[in-house]
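Hi,

Here is the structure I promised to pass on. Have a look at it first, and my notes follow below.

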Amino acid sequence: MNKSQKLSLIRETGVIAIMRAKSSDQLIAAADAIRQGGVRVIEVTMTTPGALNVIQEATRRYGDAVLFGAGSVLDPESARAAILAGAGFIVAPSLNLNVIELCNRYSIPVMPGCYTPTEMLTAWEAGADMLKLFPAEVGGPDLVRAILAPFPQFEIVPVGGVDLNTAAEFIKKGAAALGVGSSLVNQKLLDAGDMDELIRRAAAFIEEVEKGRNGK
């Protein structure tokens, strides 16, 4: 997929599954389940042991069927290593202009972490493709609506505090997509090997996104 196609898939899916785990085997198993539930965009955090190996293996295994990216990327060196391993997009918890510059150089979608309108505008002007609103639980869906009022051009992806109770409302208030962590994938589920529950949760989040898009 080229950059445009990757961004289109993120928008269409509406959910980015944020995955952390103790092992790469757990992540691969979870990726299978999440895909069955309809979520085709997965962020593997760089805090996961062997994260680059997981991204490389997953990208080789799934091809274009699932878009894998790297999260918790703090610097351009980590971003480049992730891209070389096959990461299709880069997500950061904070705003680092050098990370944006590097991703633009290689035509890789980049989503820096921002909270204030000034941070968001700075990131947007530097070439960010989407803006990770973090922590989104501080302010909630109404914050998305408030920011988009003067900045309708922004594509905001809330992360933190996004669950099945808030997902539709975030989308309804204008979020382009949602970053979903422990309310979708958590270590307890992975340790239990409860893939059926992961499939159910993924499908439920997709359903909530559709509700939000339909104004429900």
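Predicted model: local features only at pLDDT ≥ 70, side-chain atom pairs only at ≥ 80, totals over all residues.

**What I found**

The lining of the largest pocket splits into six nonpolar, eight polar and three charged residues. Here Ala, Val, Leu, Ile, Met, Phe, Trp, Tyr, Cys and Pro count as nonpolar, Asp, Glu, Lys and Arg as charged, and the others, Gly among them, as polar.

Residues are numbered from 1 along each chain, and side-chain values use heavy atoms, without hydrogens and water.

Back to that pocket (an open set of points on a 1 Å grid where a 1.4 Å probe fits, with protein on both sides within 12 Å along at least five of seven lines; lining residues have an atom within 4 Å of a point). There are 17 residues around it, and Ile 18, Arg 20, Phe 134, Val 159 and Gly 160 lie nearest its centre. Its volume, the space filled by probe spheres set on the points, is about 230 Å³.

Next, Val 110. This residue sits in strand β5, residues 110–111 (strands are DSSP E runs of at least two residues, helices H or I runs of at least four, numbered from the N terminus). Val 110 is buried, at 3% relative accessible area (buried means under 20%, 1.4 Å probe, protein chains only). Lys 132 is 22 residues away in sequence, yet the C-alpha atoms are 9.6 Å apart.

Finally, helix α4 (76–85) has Pro 76, Ala 79, Ala 82, Ile 83 and Ala 85 as its buried residues. Just after α4, Gly 86 has a positive phi of about 115°.

Cheers

Notes. Buried < 20%, exposed > 50% of the residue type's maximum accessible area, 1.4 Å probe, protein only.
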